[in-house]
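Reader: Could you take me closely through one part of this model, the sheet and the helices that lie on it?

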Amino acid sequence: MDQARSKISKIFNGEPHSYTRFNLTQNMEGDNSQVEMKLSSDIDEEAGENGVGDNRSHNSNRKPYLAQKLGRTPKNLCFMAAATLLIFIIGYLIGYLVHRKKDLAPTCAASVVRFDEAVAHETGAASLMDWDNVKKLLAQKVTAAKFEPVFREFSSSNHRAGSPDDDALANKVMKKFKEYGMKSWTDEHFVKVQDPPASGSNRVVFKNGSAMRPEGFLSYSATGEVTGAALYAHYGEENDLALLQDKSINLTGRVMLVRAGRISLAEKVANAAKMGASAVLIYPDTTYYSDTTPLFGHVHMGSGDPYTPGFPSFNHTQFPPIQSSGLPKILAQTITASMAMSILRQLGGQDVPALWGDVKKLGEESDLITVDVKNILTEKKINNVFGVIKGFVDADRYVVIGAQRDAWGPGFAASTVGTSVLVELARSISEMVKNDGFKPRRSIVFASWSAGEYGSVGATEWLEGYVSSLSMKAFSYINLDTVVTGQQGFKVAASPLMHSLIESTLSEVKYQNKALSSQFAKGNFETNVLVPMTLDNAAYPFLAFSGIPSVSFGFTSDNSANPQVYKFLGTKLDTREKLNMATGNQVSQLAEIATRFAGHMALRLVHDHLLRLDVMKYNKIIRTRVAQINVKVISVQKMQPRLLPKDLTMQWLFSASGSYSRASRNLASDIQNSDLEDIEMCRIINDRIMAVERNLLSPFVSPRENPFRHILVGSGSHSLKALSDHLEALKTANPEADANLFRNQFALATWTIQGCANSLAGDVWSLDNEI
């Protein structure tokens, strides 16, 4: 523009520093508005003349100044016309370029904040990089050779939650996130955990013999001293205890000895407590451990700080003292395999069932054991560490990738590998964004949790603290704990919404030049790869408490074809050497594939227009559960008509199931008929998809009393499994069964499914109100 002004000035007077001033004035006597155009040289002359006292008049009828100065000669009129035309052309060109730039910008433009936090001048949606190029970039960034220095950096012989070593590792993770240019922050909690007594030890005495003082312990056990008759209960599963009852063995007041494995330690203790046991002693299987290996763990039938159930353990919370309903009311203690064998060899009583191994007798009333637990409840400050790669379109929607940082001992498989994968994945994707032009549509949050060994305490407290915002914005969680514990198998536990994404990822990620699906799925993905998500899985609270579709996966040797199972989790034997033995010295190579598997899922979720979450997957699951309940309702109505009369109808539960099926199909149709280049339309559809898992949380139970509110994968009386179990109790006229309670649970479960279907349908005028 300055050059244009200079040229215009030269046309009129040839002076390079003159400029043109436009002034709109209204003729006071009714003439049309005129344009007064003055040149800088003329202004100077006017100022000079005024300075010597020239008082010439300036009435409203005077001619335009330019006309007075130059006169109305044809030559000057041509100059004026040429100048006007030139200005018009320049203005038109500028307007055209600005308008064209707006037209070229994508629809639904949004401001973009660059990765380094500086505001960029770019606007509009993220340009969509070809998916094949995204995969290639990730494969180039992640290599096995890069893991060795990371393993060394994040290895520690002792990093129990809240310890100085735990804090040191947190600082290292934070430093890495900052080096990668990520916005990072910490989340501080004050949690209560139970540790072994600072002086002395817990004690076990059998038949007045010498006291056994185990090094291991179970956090959140009840404390005190009890004496009871010993009873061998195999793995402490419900069917094990039912078999003992069938043998007419009195379980009340017994001290049960059970093996570690198959179910969580907390479930073993909870099962024993239901049967009236006074204490539980848990020992590791001698097949995998030395005779003196101490075992560590927790027995809270839940996750998070059990002394702040349903709400976060921030230092400023002022709730009255309360305990989680999942805390056991009986004693629980681990003992070594040698301690267990010395007791089991001396037991009398009935013979054990044939399939219960090499133990001979179950125990009798005279086989007395005294258990003394003196664990100390302490408060610890823990820190979760976060880093974020912000999305370029829907920055307020994000996938969370997390790994626990703490361990009972070295915890190489439990925490070091997962933390290393987390850090390497953060480095790789941040480099893709900064250096290679990849622009994720949505954000990726990387989280390093503390107090995972005490029951996902750090992760759960974060969920409780921000549940209202997370439920609307976090669309998936990817768990990196124990991603490498072997090499013979590959197992995945996940929300059904993620099954299609997992299956496609298995076919695209290669290990030893073969797709993971061809090596581990072997034609049957659901049978050979999928496993149930259990209570002790770190992804479980994300799914069952917060309603966030979650996945947990890992390489493992835990299959029937290979007896060399990695069983060192929860012990101080979880070292690099033990993991090398379990993987054939392939830890780095397997960590590379695990990183690519997790990265592939995360990038797919933030790359595509629509979230890769398949809402159709719940159709079959809901129909199957409803059909099972229907069969049992009919059976109870025939066998116990007094408890469950004929007026209880399945019609509405069938209707709710059908509503969900129709809503999911309608969503698929809406996607087919939508313009996926329309950002707002994609956001609306994605919000409908995100709401499914969240709306399967029962709104009729308190998260404080029943934190795992998911009716399909959760636990508690509100779940469909509980409905089925309640019908079994009604069929046998169990005194604990309550027909009125069942009918109430039945009605609430029906409406939970219907409410989920209504949300999935979208707008209120799209709801299925078929009667």
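Author: What follows goes from the strands of the sheet to the helices on it. The model is predicted, with local features requiring pLDDT of at least 70 and side-chain atom pairs counting only at pLDDT 80 or more, whereas totals for chains, interfaces and linings use all residues. Residues are numbered from 1 along each chain as its sequence is written, and side-chain values use heavy atoms, with hydrogens and water left out.

The open sheet has six strands, in the order β6-β13-β8-β9-β10-β12, with mixed pairing; strands are DSSP runs of E of at least two residues, helices runs of H or I of at least four, both numbered from the N terminus, and two strands pair if DSSP finds at least two bridges between them. Because β6 (203-206) and β12 (331-334) stand at the edges with a single partner strand each, one side of each is left without a neighbour in the sheet. On average, neighbouring strands of this sheet are turned by 30° against each other, direction ignored; axes here are lines fitted to C-alpha atoms, for helices over the stretch in contact, and angles run from 0 to 180 degrees between N-to-C directions.

Within the sheet, β9 (residues 255-259) pairs with β10 (residues 279-283) in the parallel sense over five bridges, and leucine 257 has leucine 281 in β10 as its bridge partner. Helix α10 (residues 337-344) packs on the sheet, where it touches β6, β8 (224-232), β9, β10 and β13 (368-373), contact meaning heavy atoms within 4.5 Å, and the direction of α10 makes about 120° with that of β10. Helix α9 (residues 265-274), in turn, lies across β9, β10 and β12 and runs at about 145° to β10.
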